[in-house]
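I am opening a new page for this chain.

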Amino acid sequence: GLPAALIMSSLQAAVRAFALDSAAPSVVCASVNRLLCAQMIAGRFATFCYLKLDVSRGTVSYANAGHNPPLLVKSDGEVERLRAGGMVMGVFADAEFMEGAAAMASGDRLVLYTDGITEARNQAGDEYGEDRLAEAAVRHRGGAASDVHAALMSDVKAFAIDGFDDDATMLIVA
């Protein structure tokens, strides 16, 4: 709805203002959070995960502000959940965010997704869930990013045959 769109517009503008090349993900999250707190309607919040991929070093640094943890699917099938960070944004102006880092090598896949993916329900009312997403990502990890995306979305849609109740967005980085 309109309130959520306004929050996302503010968040996007804040990220553009604070996400400088030298800015650490934890600093970006703290800065964006302070700005959102000054503008946020009571009872509203935003989840957010800010990642910086350094291809030359093979690392991803990140800070997760209450968002679904991205899945780093290693080429050998190991799955690392990128959880380091803090609480949701827009609630406490003085919230602090921890930073995490992970190695990302050739053949690894990074799966970013919204809660509409993991909260999709089947006819019995069961949620698709993070574990099912991780298992599917491991099964399809060998393909190009577009192929992994298509396979995962197909898997979720087959599970939730009645459709999605929430936004269902996914991004694959390969």
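I note the cut-off before anything else: a residue is buried when its relative accessible area is under 20%. The model is a predicted one.

I looked up Phe159 and found 15% relative accessibility, so I count Phe159 as buried. Over the whole chain of 174 residues, 42% are buried.

Entry two, build. I listed five helices and eight strands. Read from the N terminus, their order is α-α-β-β-β-β-β-β-β-α-α-α-β. The radius of gyration is 17 Å, close to the 16 Å of the globule rule for 174 residues, so I call the chain as compact as a globular protein of that length. I also noted that the C-alpha trace spans about 40 × 40 × 20 Å along its principal axes. Of the contacts between residues at least 6 apart in sequence, 62% join residues at least 24 apart.

I found 14 positive and 22 negative side chains, with the centres of the two sets 4 Å apart.

Phe48 is buried at 10% relative accessibility, and Tyr50 is buried at 12%. Tyr128 and Phe159 make an edge-to-face pair, 5.4 Å from centre to centre with 70° between the planes. Tyr128 sits in the loop between helix H3 and helix H4, and Phe159 in helix H5, so the pair ties together parts 31 residues apart in sequence.

Technical notes. Residues numbered from 1 in each chain as written. Predicted model: local features only at pLDDT ≥ 70, side-chain atom pairs only at ≥ 80, totals over all residues. Heavy atoms only, no water. Helix = DSSP H or I, 4+ residues; strand = E, 2+ residues; numbered from the N terminus. Rg over C-alpha atoms; globule rule 2.2 N^0.38 Å. Buried < 20%, exposed > 50% of the residue type's maximum accessible area, 1.4 Å probe, protein only. Contact = heavy atoms within 4.5 Å. Lys, Arg positive; Asp, Glu negative; His and termini not counted. Charge placed at Lys NZ, Arg CZ, Asp CG, Glu CD. Phe/Tyr/Trp six-rings, centres within 6.5 Å; stacked < 30°, edge-to-face > 60°.
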